[in-house]
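Trainee: Could you walk me through reading a model like this one, feature by feature?

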Amino acid sequence: MLDMLVVGGGYVGLAAALAVKQAAPHLQVQVIEAAPEDVWQKDPRASAIIAAAIKMLEVFGVWDEIAPEAEPITRMIVTDSKAGDPVRPVFLTFDGAVEEGKPFAHMVPNVAMVRALRRAAAEAGITIRHGVRAVGLNNGPAAASLSLSDGSVLEARLVVACDGVRSKLRDMAGIKTVTWDYGQSGIVTTVEHERPHGGCAEEHFLPAGPFAILPLKGNRSSLVWTERTADAERLVKSDDLVFETELERRFGHKLGTLTATGDRRAFPLGLALARAFVAPRLALAGDAAHGIHPISGQGLNLGFKDVAALAETVVEADRLGLDIGDLNVLDRYQVWRRFDTFRMGVTTDVLNRLFSNDIGPLRIARDFGLGVVDRIPRLKSYFIGEAAGTAARHNPRLLTGQAI
Ligand SMILES: Cc1cc2nc3c(=O)[nH]c(=O)nc-3n(C[C@H](O)[C@H](O)[C@H](O)COP(=O)(O)OP(=O)(O)OC[C@H]3O[C@@H](n4cnc5c(N)ncnc54)[C@H](O)[C@@H]3O)c2cc1C
């Protein structure tokens, strides 16, 4: 019987397995992943990873491997205008440091992150089984048993569901969600530009949704471009000339000539918050617990915070000789994470509704609000600390750079 079985070998699943196994090497930890072994190498995306999550990656011993490919975000600019406006007045700027020499976030190519996490997982002795899905879940008094698509059954004291926003395990455990669809999709691609970005990230609030330009290594940026779903699908399939013309209307000419070099993909956007994060012998983490709008680039970071809180809960329970799958043990994790997650879900929802429109009085009110924040340095440093995840009073140890 396994001690912990992680379902889903994405960023959050790998990090959860690693966090527990490194702190408690005697525990038997396994990961099952539905996708074939090489699929992760084709992910064209990059993610903004906040300072607190980077501290955890440092404890894992993977940050030194990722850092050469990660671009620090040293500044952030926020504007509010229409797609074709020739000038975008800047309403808010942030200097992105939480402390001397520590930017509030880095842009990390997803491939670099997964490669390093997988290397560390292998070194820690974690088995990853590819190409098998979890298809059934049964709870016994001493273990949960999980049926897999290849006909085999695995037993574990604790199952951790990291199987993404459409989590089958969440459904199988009967956990309901608060869910809605924004009718928007996020187009993700990479662009090359003539001039350097200087580490500056920009978020343009446009009527169809936010358009974010996020710095990558070299003269390249990652885009998260929100449009109504039908428009996003049309743009993703359009030829290069149409795509680059539409891109230039939103991006502007500040960085010179643009070339859209990367794959284009559109991700439908919605909110999905699980009503419970735990059930007997089951914990949800990452998007399985909360899928949020990417407007603030916090989705994966929330998942990494789950990992830090869950690993600390599990490892401390194990050290005390408690059953790590017991609902009383898991409840500590749920209490730790639910409020923060709910708050972030509501914040991103409100921001998206407030900014994704062209209603005159609303525009005046929101631009006034941004202007106020811009003029009060203490308020700005508060927001930087919040965004970086370093301001929380009860951060799990991994998020402060300490081993469990
Ligand atoms: C456009 C866009 C931009 C974003 N930008 C950012 C950003 O800048 N910063 C940030 O923090 N977040 C960002 N996010 C959010 C981030 O991508 C997600 O929060 C993150 O991918 C969640 O990771 P996860 O491991 O929980 O889930 P996933 O990445 O969805 O991984 C789930 C894994 O489970 C596997 N799986 C599914 N079902 C089963 C099964 N039954 N059995 C076994 N395996 C299974 C899947 O194959 C997959 O590998 C963005 C999201 C979008 C859509």
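Mentor: Let's begin with Glu202, which has 10% relative accessibility and therefore counts as buried (buried means under 20% relative accessible area, exposed over 50%, partly exposed in between, with a 1.4 Å probe and protein chains only). Bear in mind that this is a predicted model: local features need pLDDT of at least 70, side-chain atom pairs count only at pLDDT 80 or more, and totals for chains, interfaces and linings use all residues. Residues are numbered from 1 along each chain as its sequence is written, and side-chain values use heavy atoms, with hydrogens and water left out.

Trainee: Which residue forms a salt bridge with Glu202?

Mentor: In general, side chains of opposite charge can pair when their charged atoms come close. The cut-off here is a side-chain nitrogen of Lys or Arg within 4 Å of a carboxyl oxygen of Asp or Glu. For Glu202 the partner is Lys254, with the closest N and O atoms 2.6 Å apart. Glu202 sits in strand 15 (residues 200-206) and Lys254 in the loop between helix 7 (240-251) and strand 18 (258-260), 52 residues apart. Helices (H or I, at least four residues) and strands (E, at least two) are DSSP runs, numbered from the N terminus.

Trainee: How many salt bridges does a search of the whole structure find?

Mentor: The search finds 23. Take Arg264 and Asp240, whose closest N and O atoms are 2.7 Å apart. Arg264 lies in the loop between strand 18 and strand 19 (265-274) and Asp240 in helix 7, so this pair ties together parts that are 24 residues apart in sequence. Arg264 counts as buried because its relative accessibility is 17%, whereas Asp240, at 48%, counts as partly exposed.

Trainee: And where in the chain do Arg397 and Glu312 lie?

Mentor: Arg397 is in the segment after helix 11 (377-388) and Glu312 is in helix 8 (residues 299-319), 85 residues apart. Their side chains meet in a salt bridge at 3.9 Å, N to O. At 5% relative accessibility, Glu312 counts as buried.

Trainee: Now strands. Is strand 2 mostly covered or open?

Mentor: Mostly covered: five of the five residues in strand 2 (residues 29-33) are buried. Val29, Val31 and Glu33 are on one side, with Gln30 and Ile32 on the other. For pairing, DSSP has to find at least two bridges between two strands. Strand 2 pairs with strand 1 (residues 2-7) in the parallel sense over four bridges, and Gln30 is the bridge partner of Leu5. Four bridges also join strand 2 to strand 10 (residues 127-130), again running parallel; there, Glu33 has His130 as its bridge partner.

Trainee: Which residues come nearest to the ligand?

Mentor: Of the 28 residues around the ligand, Glu33, Ala48, Asp287, Leu300 and Asn301 come nearest; a residue is near if one of its heavy atoms lies within 4 Å. Next, look for polar contacts: pairs of N or O atoms within 3.5 Å; within protein, one must be able to donate a hydrogen and the other to accept it, and residues adjacent in sequence count only if both atoms are side-chain atoms. An N or O atom in the side chain of Glu33 is 2.6 Å from an oxygen atom of the ligand. A backbone N or O atom of Ala134 lies 3.1 Å from a ligand nitrogen atom. Helix 8 gives the most to the shell around the ligand, with three residues.
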